[in-house]
Structure formats: structure tokens, C-alpha cells
Amino acid sequence: MLYGIISDLHSNLEAVRAVVEEGKRLGIQKYICLGDIVGYNANPKEVIDIVRDELQPIAVIKGNHDEYVSQETELIGFNPQAAQAVQWTREQLTLDDRQWLYSLPMTKNLWQLKTTIVHATLDSPEAWGYIFDKYYAENSFSYQRLPYCFIGHSHVPFAYEQIGGAKGVIQAGRYEQIRLNPNHKYLINVGSVGQPRDGDNRASFCSFDTDERVVTLHRVEYDIETTQKKIYEAGLPERLALRLQVGR
């Protein structure tokens, strides 16, 4: 079975549509979504509809933007641009949309796939911490019971491999394709569909071939200018549009 694993869509309709089309070309059969469906960009309702009603993933988890958009909570820890986007997004969604976001779990074990999914970290998913290096990865690995874990949140595709059991060596690096060793653990960041931050402005997502045990990173070009135009027209912060061009 070939799965598409998507994360950090961030209301970017053009990027999401491009990824879905690429998924059809690749022959992806089912999807898994790692959260942050909304935030930053100008089409939150349309992106929710695609994920929930068109793709119908076998599993969807909650990201920090989904959490904040779904509730009327104070935006603690958000920079002003992100906070403005969250407040604007709240106003674009129906009560049903926000309740759906609110109902999403923060972690999920997909036992048949030997896979755990979480938006941020397994050691404290509700704190929305980032995994920046192998020391942060080690903390998350200590809570990982299944061989494979897919994450998002940092918008940077990266992989960590633990060799030799719970106290084994952790290797880290960028990747294009990973052949999964059944005796190792993996923590794989799939990057961002809607707001890449690794210097590559193309949408990022992964495919997971469960028969061959191969994870492949895919990058897809999309109509950035249209997404930027929508941000300006919505009155969202200019930086949210400018950063799409440079992928930072």
C-alpha cells in the first residue's frame, strides 16, 4: 500500500491541490495528515474541506494552529503575524469546522503500519516543542513504542534513525529516500505542504510504501503568486506572502 503523509498545509489551497495531483500521479492510495491544516494562508475553509471530505485520511491529528483556531483562547507564545492569522482564520470557519479541528487527537498509533503520528514531539505533544537536533529526538524516541514515527511542525524535512535499542546511536540528516530497517527506529519529519522553511519553496510531503518499507520525500511546484495575492487581499501580514517565495 502506498500512503501519502502530509503536514502543515496551512490553508495554502494552491499547494494542497498541487500535492493532491502529484499524489494521483504517484498512485497514492490513502493519506495520513499530521496537522496544522489551517493558519498563515488565505483558504482555511477550502483546505479543511479537501482534507476532511475529499482525501478522507485514515488518520488526522491536531497541530498547534488547529488547536488555537478551534478555541477562543489567548494566543500565548504566538508571534504577532501568526496570531493575526489565527484570529482571521477563526472568522472564516463555521462552528462545525472548528469543532472538527478541536476533536482531532494529538497523537495516534497506527498499529498495522507499525507507525505513530504526532505533530510535534511524543514526550510532550501538547507543549508544541520542536525537534531541532538528535538530543531533542532522543527525548521523543524514549516515548516511541512503534518502529516508525512521522512528525511535522518545524516545516523542515529531516530524519532521525535510532540503531541498537533504547540507548542506541541516533543518526540524523536530510533525506530523499529511506529504506526502513526493521530492527531500527525512525523519526521522520515530512516537511510542510503550505509553508516550507528549508530554503526550498516547493511543497513538501512524503510517500510511505508499506510493502517495500520505503519512505520517499517529494517536492512539488505550485502557483505561489496566486497564494501570495490571496494573502494580500485578505489583509494578512505581508511577511506571510514574502516568505513563501524563498521557502523560509
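1. Let's start with Phe132, which lies in the loop between β5 (115-118) and α6 (134-141). (Helices, H or I with at least four residues, and strands, E with at least two, are DSSP runs numbered from the N terminus.) Phe132 is exposed, with a relative accessible area of 57%; the labels here are buried for under 20% relative accessible area, exposed for over 50%, and partly exposed in between, using a 1.4 Å probe and protein chains only.

2. Before going on, keep in mind that this is a predicted model, where local features need pLDDT of at least 70 and side-chain atom pairs count only at pLDDT 80 or more, while totals for chains, interfaces and linings use all residues. Residues are numbered from 1 along each chain as its sequence is written, and side-chain values use heavy atoms, with hydrogens and water left out.

3. Back to the surface. Together with Tyr130 and Tyr136, Phe132 forms a nonpolar patch there, with about 330 Å² of accessible area for the three together. Patches are made of residues with over 30% relative accessible area and no salt bridge; like charges are joined within 9 Å, and nonpolar side chains (Val, Leu, Ile, Met, Phe, Trp, Tyr) within 5 Å. The areas come from the Shrake-Rupley method with a 1.4 Å probe, and for residues only the protein chains shown count as cover.

4. Now for the aromatic pairs: the structure holds six of them. Rings of Phe, Tyr and Trp (its six-membered ring) pair if their centres lie within 6.5 Å; planes under 30 degrees apart count as stacked, over 60 as edge-to-face, and the rest as tilted. One of the pairs is Tyr148 with Tyr186, a tilted one at 6.3 Å centre to centre and 50° between the planes. Tyr148 lies in strand β6 (residues 148-151) and Tyr186 in strand β10 (residues 185-189), so this pair ties together parts 38 residues apart in sequence. Tyr148 and Tyr186 are both buried.

5. Phe150 and Phe208 make another tilted pair, with ring centres 5.4 Å apart and planes at 50°. Phe150 is in strand β6 and Phe208 in strand β11 (residues 203-209), so the parts tied together here are 58 residues apart in sequence. Both of these Phe residues, Phe150 and Phe208, are buried. Have a look at how they connect to the previous pair: ring pairs link Tyr148, Phe150, Tyr186 and Phe208 into a cluster.

6. On to charges. Side chains of opposite charge can pair when their charged atoms come close. A search of the whole structure finds 14 salt bridges, each being a side-chain nitrogen of Lys or Arg within 4 Å of a carboxyl oxygen of Asp or Glu. Asp97 forms one with Arg52, and the closest N and O atoms are 3.1 Å apart. Asp97 lies in helix α5 (residues 95-103) and Arg52 in helix α2 (residues 44-55), so the pair ties together parts 45 residues apart in sequence. Asp97 is buried at 1% relative accessible area, whereas Arg52 is partly exposed at 22%.

7. Glu67 lies in helix α3 (residues 64-70) and has a relative accessibility of 17%. Glu67 and Gly35 are 32 residues apart in sequence but 9.5 Å apart in space, C-alpha to C-alpha.

8. Asp198 and Arg219 form a further salt bridge, the closest N and O atoms being 2.8 Å apart. Asp198 sits in the loop between β10 and β11 and Arg219 in strand β12 (residues 214-220), so the pair ties together parts 21 residues apart in sequence. Asp198 and Arg219 are both buried. Elsewhere, salt bridges that share partners join Lys45, Asp49, Arg52, Asp53 and Asp97 into one network.

9. Last, a polar contact. Ser154, in the loop between β6 and β7 (158-163), counts as buried at 16% relative accessibility. A contact of 3.0 Å joins the side chains of Ser154 and Asn189; polar contacts are pairs of N or O atoms within 3.5 Å, where within protein one must be able to donate a hydrogen and the other to accept it, and residues adjacent in sequence count only if both atoms are side-chain atoms.
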